[in-house]
Amino acid sequence: MEWKESIYMIFGAISLVGAAATAYQIYRLTLMDAKARGLKHPKFWGIFAMSGNNSGGLLMYLIGRNKYPVINLPDSEKQKMEKRKKCAGVGLIFLALGTIGLIIGNVYL
């Protein structure tokens, strides 16, 4: 195996880890938000929000949730949501770095 293929595999793995982490954090954030707003079937909304290639599910969830105000959200849940938001940001950074590495590797190698 040449070093070029190794670089592609490394950056591909970084992108894959970032994408998986971001999708999971979006699922968990949506699940927590749906429970706090009292929506029926919060797991469905979590899966629906993370599905799709064009984020249509997340957009539909964000528009539809405006009808339901937050009923109760304890401070511990707020802290968990903030932590998950930071983790989702880290996942996005991994996804971006891996993708940029793949593009640069494809152009210059």
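I count two residues as in contact when they have heavy atoms within 4.5 Å. With that settled, I opened the model, which is a predicted one.

**Entry 1**

I began with Thr-22, which sits in helix H1. I looked up its partners and left out neighbours within four places in sequence; Thr-22 is then in contact with Ala-88, Gly-91 and Leu-92. Is Thr-22 buried or exposed? Its relative accessibility is 9%, and since buried means under 20%, Thr-22 counts as buried.

Gly-18 came next, also a residue of helix H1, which I find spanning residues 3-37. Gly-18 touches Gly-91, Phe-94 and Leu-95, again not counting residues up to four places away in sequence. I note that Gly-91 turns up in the list for Thr-22 and in the list for Gly-18. The relative accessibility of Gly-18 is 0%, so I have it down as buried.

I also took a distance from Gly-18 to Tyr-61. The two are 43 residues apart in sequence, and their C-alpha atoms are 22 Å apart in space.

**Entry 1: Ala-13**

Staying on helix H1, I looked at Ala-13. How far is its C-alpha atom from that of Gly-98? I get 7.6 Å, for a pair that lies 85 residues apart along the chain. Ala-13 has 39% relative accessibility, and therefore counts as partly exposed.

**Entry 2: H2 against H3**

I then turned to helix H2 (residues 42-50) and helix H3 (residues 56-64). They pack with their axes 5 Å apart, at an angle of about 130 degrees. How should I describe that orientation? Angles of 65 to 115 degrees count as roughly perpendicular and those over 145 as roughly antiparallel; H2 and H3 are therefore oblique to each other.

For the residues that meet, I wrote down Trp-45, Phe-48 and Ala-49 on the H2 side. Their counterparts in H3 are Gly-57, Leu-58, Met-60 and Tyr-61.

**Entry 3: Salt bridges around Asp-33**

How many salt bridges does a search of the whole structure find? The search returns four. I went to Asp-33, a residue of helix H1.

Arg-37 and Asp-33 are both buried.

Asp-33 has another salt bridge, with Arg-65, where the closest N and O atoms are 2.9 Å apart. Here the pair links distant parts of the chain, with Asp-33 in helix H1 and Arg-65 in the loop between H3 and H4, 32 residues apart. Asp-33 is at 9% relative accessibility, so it counts as buried, whereas Arg-65, at 21%, counts as partly exposed.

Put together, Asp-33, Arg-37 and Arg-65 are linked in a network of salt bridges. When I leave aside neighbours within four places in sequence, Asp-33 is in contact with Tyr-61, Arg-65 and Met-81. Tyr-61 is a name I had already met among the H3 residues facing H2.

Which side chain does Lys-85 meet in a salt bridge? It is that of Glu-82, with 3.4 Å between N and O. Lys-85 and Glu-82 are three residues apart in helix H4, and so about one helical turn separates them. Lys-85 is partly exposed, with a relative accessible area of 45%, and Glu-82 is partly exposed too, at 41%.

**Entry 4: A nonpolar patch**

My last stop was the surface. Trp-3, Ile-100, Ile-103, Ile-104, Val-107, Tyr-108 and Leu-109 form a nonpolar patch there, and together they have about 780 Å² of accessible area. Which helix gives the most to the patch? That is helix H4 (residues 75-108), with five residues.

I picked out Ile-100, one of the patch members, which lies in H4. The relative accessible area of Ile-100 is 46%, so I log this residue as partly exposed. It clears the patch cut-off, because patches are made of residues with over 30% relative accessible area.

Technical notes: Residues are numbered from 1 along each chain as its sequence is written. This is a predicted model: local features need pLDDT of at least 70, side-chain atom pairs count only at pLDDT 80 or more; totals for chains, interfaces and linings use all residues. Side-chain values use heavy atoms; hydrogens and water are left out. Patches are made of residues with over 30% relative accessible area and no salt bridge: like charges are joined within 9 Å, nonpolar side chains (Val, Leu, Ile, Met, Phe, Trp, Tyr) within 5 Å. Accessible areas come from the Shrake-Rupley method with a 1.4 Å probe; for residues, only the protein chains shown count as cover. Helices (H or I, at least four residues) and strands (E, at least two) are DSSP runs, numbered from the N terminus. Buried means under 20% relative accessible area, exposed over 50%, partly exposed in between (1.4 Å probe, protein chains only). Axes are lines fitted to C-alpha atoms, for helices over the stretch in contact, and angles run from 0 to 180 degrees between N-to-C directions. Angles under 35 degrees count as roughly parallel, over 145 as roughly antiparallel, 65 to 115 as roughly perpendicular and the rest as oblique.
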